[in-house]
Amino acid sequence: MKFVAFERNVQGTGASRRLRDSGKTPAIVYGAGKAPVNVEVDHNALYHAMRKEAFHSSVLEMELNGTVEKVLLRDYQKHPYKQLVLHVDFQRVDATTRIHKKVPLHFVNEDESPAVKLDKCLINHAVTELEIECLAEKLPEFLTIDLGHVVKGQSVHVDDLKLDAGVKVLTHGRKNPIIASVVEPVAEEIIAAPVAA
């Protein structure tokens, strides 16, 4: 995804408030051995872009002063109740930058699995995103979890994932955590009320 940013020279609370009132969002770009730069982006374009999953989990192209830089969305602040993005942090990345980033999981073929189709089980998604480590250029937009083969009593673990070379899931000390598990249907018992003599 590509977006345009403009350099901003004024800083401070009052300047940021005036910037937001004019339909812009203050932001900062840092990293890749360069000095941090204060920028501003169009609020409406940013707000709609942030509603897309890819904006949060892929390398973005930011045009600033006529040059295009590759950046990642690192942090943002939203207003507690208004639909307003208050501030955004972007990190510059290049081909040698190793990053840690949470990426969403897309579960596919759930309805085609023997567990659901034959045994009428449910599949419980234990997590919806995983933190990975990789080079910035290898960052996947999402990870696909194929559930088409799961059977009754089975679980899908991190070790079952087919990842590209150089992409590693960070489990933070937990050994092979569960991603999804098959839940058997609960049979309901109907208990007849005792008949009074």
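What follows is a conversation about a predicted model of one protein chain.

Residues are numbered from 1 along each chain as its sequence is written. Local features need pLDDT of at least 70, side-chain atom pairs count only at pLDDT 80 or more, totals for chains, interfaces and linings use all residues, and side-chain values use heavy atoms, with hydrogens and water left out.

Colleague: Which element of the protein chain has the highest mean pLDDT?

Modeller: pLDDT is the predictor's confidence in each residue, from 0 to 100. The chain mean is 88, and 95% of residues reach 70 or more. Among the elements, helix α1 (residues 13–21) has the lowest mean, 86. The highest, 93, belongs to strand β6 (residues 85–92).

Colleague: How many helices and strands are in the protein chain?

Modeller: Both are DSSP runs, numbered from the N terminus: helices are H or I with at least four residues, strands are E with at least two. By that rule the chain has four helices and 13 strands.

Colleague: What radius of gyration does the protein chain have?

Modeller: The value is taken over C-alpha atoms, and the globule rule is 2.2 Å times the number of residues to the power 0.38. The C-alpha trace spans about 85 × 50 × 30 Å along its principal axes. A compact globule of 197 residues would come out near 16 Å, but this chain has 23 Å.

Colleague: Which strands stand at the edges of the open sheet of four strands?

Modeller: Two strands pair if DSSP finds at least two bridges between them. The sheet has the order β10-β7-β9-β12, with mixed pairing. Each edge strand has a single partner, so one side of each is left without a neighbour in the sheet. The edge strands are β10 (143–146) and β12 (168–169).

Colleague: Which residue in β12 is the bridge partner of Glu-133?

Modeller: Strand β9 (residues 129–135) and β12 pair in the antiparallel sense over two bridges. In β12, the partner of Glu-133 is Lys-168.

Colleague: Which residue forms a salt bridge with Glu-133?

Modeller: A salt bridge is a side-chain nitrogen of Lys or Arg within 4 Å of a carboxyl oxygen of Asp or Glu. Here the closest N and O atoms are 3.4 Å apart. The pair links distant parts of the chain, 35 residues apart, from strand β7 (residues 98–108) to β9. The partner of Glu-133 is Arg-98.

Colleague: Is Glu-133 buried or exposed?

Modeller: Buried means under 20% relative accessible area, exposed over 50%, and partly exposed in between (1.4 Å probe, protein chains only). Arg-98 is partly exposed at 46%. Glu-133 has 17%, so it counts as buried.

Colleague: How many salt bridges does the count come to?

Modeller: Lys-102 and Glu-129 form one of them, at 4.0 Å from N to O. Lys-102 lies in β7 and Glu-129 in β9, so this pair ties together parts 27 residues apart in sequence. Lys-34, Glu-69 and Arg-92 are linked in a network. The count comes to eight.

Colleague: How many disulfides does the structure hold?

Modeller: A disulfide is a pair of cysteine sulfur atoms within 2.5 Å. Cys-121 is buried at 3%, and Cys-134 is buried at 0%. The number of disulfides is zero.

Colleague: Which residues do ring pairs link into a cluster?

Modeller: Rings of Phe, Tyr and Trp (its six-membered ring) pair if their centres lie within 6.5 Å; planes under 30 degrees apart count as stacked, over 60 as edge-to-face and the rest as tilted. The count is two aromatic pairs. The cluster is Phe-3, Phe-55 and Phe-90.
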